[in-house]
Amino acid sequence: MPYTFYKVIHLIGIFMIMISLGGVTTYALNGGDKAGNVFRKGLGITHGIGLVLVLVAGFGLLARIGVSWPWPGWVYIKVIIWLIFGGLSAVAYRMGSKGQGLWYVMIVLGGLAAYLAVYKPF
């Protein structure tokens, strides 16, 4: 598959993760709990599929730019960011209305991931 195909799939996955986390976080900040969220299943599916798309397309992009084992440091950090994004949905529900800081965590992590992808500093 061409580089641009993987990049579009990767971006679609990122958008899916962000929109699902935004929905979960908004619901939790407004005092909702996990059990009462009628959109919980859809948000979870969107989040999970987004995570898979980001992972698969991300490794496809790495192959296209010629990155192989051992990976450079920026790849490890991006995998850690991916893991954190995977758990943020559960954290949002647990923090409930006290989770306002998650908005900023998501923005910072997304910005850091973008910086690493563009500049590949190490």
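Predicted model: local features only at pLDDT ≥ 70, side-chain atom pairs only at ≥ 80, totals over all residues.
I'll start with the count: the structure holds five aromatic pairs. Take tryptophan 71 and tyrosine 76 as one of them. Their ring centres lie 5.4 Å apart and the planes meet at 55°, so this pair is tilted; to count as edge-to-face, the angle would have to be over 60 degrees. How accessible are the two residues? Tryptophan 71 has a relative accessibility of 25%, so it counts as partly exposed. Tyrosine 76, at 36%, also counts as partly exposed.

The next pair is tyrosine 115 with tyrosine 119. Here the ring centres are 5.1 Å apart and the planes are at 40°, so this pair is tilted as well. Where do these two tyrosines sit? Both are in helix H4, which covers residues 101–119. Tyrosine 115 and tyrosine 119 are four residues apart in that helix, so about one helical turn separates them. On accessibility, tyrosine 115 is at 42% and therefore counts as partly exposed. Tyrosine 119 reaches 58%; the cut-off for exposed is over 50%, so tyrosine 119 counts as exposed.

Back to tryptophan 71 and tyrosine 76. Which residues join them in a cluster? Phe59 and Trp69 do: together with Trp71 and Tyr76 they form one aromatic cluster.

The last item is a charge over a ring. Lysine 120 lies over the face of tryptophan 74, and the distance to the ring centre is 5.2 Å.

That is the end of the tour.

Conventions
Residues numbered from 1 in each chain as written. Heavy atoms only, no water. Phe/Tyr/Trp six-rings, centres within 6.5 Å; stacked < 30°, edge-to-face > 60°. Buried < 20%, exposed > 50% of the residue type's maximum accessible area, 1.4 Å probe, protein only. Lys NZ or Arg CZ within 6 Å of the ring centre and 35° of its normal.
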